[in-house]
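Student: I would like to go through this structure and ask what stands behind each term. Please show it to me.

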Amino acid sequence: MPFALSHTLLFPFKTPLPLIKNNYLWSMTNKKRDMSWISQPWRSSLHRKTNHILAKVIVSIFLVGISYRLFFSRSGSGAKLFVPTAEILSRNSTDEGKCNLFNGVWMPNPSGPPYTNSTCRFIEDHQNCLMNGRPDRGYLHWGWKPYQCDVPPFDPYLFLNAMQNKSWAFIGDSILRNQIQSFLCLLSKAEEPVELYHSSDFKSRMWQFQKHNLTVSLIWTPFLVHADIFEDENGVSNAPIQLHLDILDHSWASTYSKFNYVVISGGQWFLKHAVYRENNSIVGCHYCPDKSYPELGYEISYKKTLELVFRHITNLVGKHIPVVIFRTWTPSHFENGQWFDGGICNHTAPYKEGEFNGSYVDHVMREIELREFEKAKKVMESSGKPNYLKLFDTYELAVMRPDGHVGSYRRFHKDKKGKVQYDCLHWCVPGPIDAWNDIIMEMVLK
């Protein structure tokens, strides 16, 4: 089954999308530009009294220009908002005291991961890079180090003892399915879980660690809202998705309150062709064939979806509610194209800080997430439940690791001279995604 048709996709058809390709070209053109200046506060050196008024005018004009450049960029139908890194980090506070677990750097880690593909049976073939012949091992020997503290390695014994008689759910698309493989591999060092359920396509599953009565569920819902997806068993789409922006996906909304902990996220599916509906009436579309519908864009659908999701979460305050861990947008690292036109990712080491800060689409979607999360967090705080909603901001961890993707090793191949389709969105297991679970343990147990 082709990658483009079987996993979290950027687009449902092989026809390139003009806006997304333009955004991609923009990000590639600017990729090597040093962006570390974004996180630096402006420090004026104009303290002289001579020409004081003239200096003020010059600085004011310069700051206006910089502000415009930082906050607005033209693409597609209108202006999009960029947020300086410093502002994002100032808002991206966690509940773990003064230390921001998500602001740090990847450091060499000679010991490597605590498991391999030969010691864990929960790694799916298309993310089992070692089994599929990836020859380099350097990507396995990096650890995440926050600037203000340390994140201990995942301790499966401590975690299982703390989570006795609890239930977890990972709710989202195939990136969360990617993460749960790492999660199960780490936990299986202490106890092997038993599978209790799987859907016919194995996208939704449930396991139980019987000695500790801990259940872990995976609920596959790529849009979080109800979606009519017209794909055959091979994932081939013959019509645009019908996305109901006012109806949550029943698969997770109906069971959400039964869990103790929920990891939830949106994702790249919102970039697909889709027709948008509210009250079962078409309100617009994103690259749909019928040009009579207004183009709303992926930003609108994602914003409306998150508003509905967070409203559902905050409306249940006062009843039994789980601790909700909202994971942010995951960037891809395709270069020289996308999956449909020869895009590749063949890095063997992390980016240095400031070397790459993501694409235009990454910034737009991330800003939507942070704003909607903040609104929901304020509601939870006013209801006396601030610790029941946590931001799991993996963006900085992910954007610096182009070396950790599956790349050309979705399948085993001896001859790389043949045409190979790259996966520059999902992660090798083991790999950088293991650090995500280190942080989750720190967030819930500290």
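Tutor: A residue is called buried at under 20% relative accessible area, exposed at over 50%, and partly exposed in between, with a 1.4 Å probe and protein chains only. By that rule, buried residues make up 55% of the 446 residues in the chain. The model is predicted, so local features need pLDDT of at least 70 and side-chain atom pairs count only at pLDDT 80 or more, while totals for chains, interfaces and linings use all residues. Residues are numbered from 1 along each chain as its sequence is written, and side-chain values use heavy atoms, with hydrogens and water left out.

Student: How many helices and strands does the chain have, and what makes a stretch count as one?

Tutor: Both are DSSP runs numbered from the N terminus: a helix is H or I with at least four residues, a strand is E with at least two. The chain has eleven helices and 17 strands.

Student: Why is Val-262 called buried?

Tutor: Its relative accessible area is 0%. That value is under 20%, therefore Val-262 counts as buried. Val-262 lies in strand E11, residues 261-264.

Student: What is Val-262 in contact with?

Tutor: Contact means heavy atoms within 4.5 Å. Leaving aside neighbours within four places in sequence, Val-262 is in contact with residues including Ala-169, Tyr-256, Pro-322 and Val-324. For the chain, residues 24 or more positions apart account for 76% of the contacts with a separation of 6 or more.

Student: Which label does Asp-403 get, buried or exposed?

Tutor: Buried, because its relative accessibility is 1%. Asp-403 sits in the loop between H10 and strand E16 (405-407). Among its contacts, apart from neighbours within four places in sequence, are Arg-134, Trp-142, His-347 and Pro-350.

Student: What makes Glu-192 and Arg-121 a salt bridge?

Tutor: A salt bridge is a side-chain nitrogen of Lys or Arg within 4 Å of a carboxyl oxygen of Asp or Glu. The closest N and O atoms of Glu-192 and Arg-121 are 2.8 Å apart, so the pair meets the rule. Glu-192 lies in the loop between helix H6 (174-187) and strand E6 (194-198), and Arg-121 in the loop between strand E3 (104-108) and E4, so the bridge ties together parts that are 71 residues apart in sequence. Glu-192 is partly exposed at 37%, whereas Arg-121 counts as exposed at 56%.

Student: How many salt bridges are there by this rule?

Tutor: The count comes to twelve. One of them joins Asp-393 and Arg-366, at 2.7 Å from N to O. Asp-393 is in the loop between strand E15 (389-392) and helix H10 (395-399), and Arg-366 in helix H9 (residues 360-382), 27 residues apart. Asp-393 is buried at 2%, and Arg-366 is buried at 7%.

Student: Where is the salt bridge between Glu-307 and Lys-303?

Tutor: Both residues are in helix H8 (residues 298-315), four residues apart, so about one helical turn separates them. Lys-303, Glu-307, Glu-372 and Lys-375 are linked in a network of salt bridges.

Student: What makes a set of residues a nonpolar core?

Tutor: It is a set of buried Ala, Val, Leu, Ile, Met, Phe, Trp, Tyr and Cys residues joined through side-chain atoms within 4.5 Å. The largest one has 97 residues, and Phe-159, Trp-252 and Ile-439 are among those with the most contacts inside it. Its largest share, nine residues, comes from H9. Another core, of seven residues, lies apart from it and includes Cys-129 and Tyr-409.

Student: What is the lining of the largest pocket made of?

Tutor: The lining residues divide into 15 nonpolar, five polar and five charged. Here Ala, Val, Leu, Ile, Met, Phe, Trp, Tyr, Cys and Pro count as nonpolar, Asp, Glu, Lys and Arg as charged, and the others, Gly among them, as polar. Strand E4 (142-146) and helix H11 (433-445) each supply at least two residues of this lining.
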